[in-house]
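Please look at the sequence and the model below. This report then walks through some charged residues and a few strands.

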Amino acid sequence: MREGGGGTGARVAVVTGASGVIGGAVARRLGRDGLRLVLGGYRNGAALDRVSADLEAAGVRSRQVRGDLAQPETARLLVGEALGSFGRVDVVVHAAGHALYTPILDTEPEAWDRLMAVHLRAAYLLARRALPPMLQAGWGRIVFIGSVWGLRGAAGEVAYSAAKAGLVGLARALAQEVARSGVTVNVVAPGFVRSAQTAHLTPQEVAALEEAIPMGRAGTPEEVAAAAAFLASPEASYLTGQVIAPAGGWDLA
């Protein structure tokens, strides 16, 4: 068993969605914390390259895997890259995903299935691939990036809300399954964060959302990344099956 998740050499993290605002912030934060990174991305190669360049400038070793997480093979490639390049996988942060702003009667089955594949099935596949080396080492951290909509639901985003709620159920069940192994499984469920997924909102809609938040403002990607980094750390050894919601005091009921 690796002492404190450290052992010989730096810990290694797989971060999906690293080309996105939150995933990129998570990757940069974990790099700052001394981890080596395997960065997953799909469409936005330029953003993924920027994250890689930032990590390189900070002296952090990283690799990229570009692939569609709707395809089961991508999860295998991500974990395989960590094991092949660095010889271990200690942390998985699944931050990849996309929104779907359509009422359920306008949501086509193909769009529903793709969203579920990227958000939820990929989480299962990543865990299934990463767990054997984690269980063998007796240490691991799995963190799913969820959403407050997975806790309270959002009209017009039924598919997205269902997928994020599924991550909570997956994490809570899997956490119990591996609780005695040294592996923890948790969810970070951000509230309103300005990103590509919220760029469609009008200034009036943004103002209304921020007014509803007790802190009176949107969260930042770095605040979400801080929560994920803590759950990925050795210090979070007694936290598993939990949902941490950086939401500025927003009522989640």
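## A bridge between helix and strand

Asp49 has a relative accessible area of 39%, so Asp49 is partly exposed. Buried means under 20% relative accessible area, exposed over 50%, and partly exposed in between (1.4 Å probe, protein chains only). Asp49 forms a salt bridge with Arg66, and the closest N and O atoms are 2.6 Å apart. This pair links distant parts of the chain: Asp49 sits in helix α2 (residues 45–57) and Arg66 in strand β3 (residues 62–66), 17 residues apart. A salt bridge is a side-chain nitrogen of Lys or Arg within 4 Å of a carboxyl oxygen of Asp or Glu. Helices (H or I, at least four residues) and strands (E, at least two) are DSSP runs, numbered from the N terminus. Arg66 is partly exposed too, at 45% relative accessibility.

The model is predicted: local features need pLDDT of at least 70, side-chain atom pairs count only at pLDDT 80 or more, and totals for chains, interfaces and linings use all residues. Residues are numbered from 1 along each chain as its sequence is written, and side-chain values use heavy atoms, leaving out hydrogens and water.

## Other salt bridges

The structure holds 7 salt bridges. One of them joins Asp33 and Arg29, with the closest N and O atoms 3.3 Å apart. Asp33 is partly exposed at 36%. Arg29 is partly exposed at 24%.

Arg217 and Glu223 also meet through their side chains, at 2.7 Å from N to O. Arg217 has a relative accessible area of 36%. Glu223 has 34% relative accessibility.

## A buried Asp

Is Asp90 buried or exposed? Its relative accessible area is 0%, so Asp90 is buried. Asp90 lies in the loop between α3 (72–86) and β4 (91–94).

The Asp90 side chain reaches the backbone nitrogen of Val12 at 2.8 Å. A polar contact of 2.9 Å joins the side chains of Asp90 and Arg88. A polar contact is a pair of N or O atoms within 3.5 Å; within protein, one must be able to donate a hydrogen and the other to accept it, and residues adjacent in sequence count only if both atoms are side-chain atoms.

## Strand β4 and its partners

Val91 and Val93 point one way from β4, Val92 and His94 the other way, and all are buried. Strand β1 (residues 12–16) runs parallel to β4, joined by 4 bridges. Two strands pair if DSSP finds at least two bridges between them. Val14 stands opposite Val92.

β4 and strand β5 (residues 140–145) are also parallel, with 4 bridges. His94 stands opposite Phe144 in β5.
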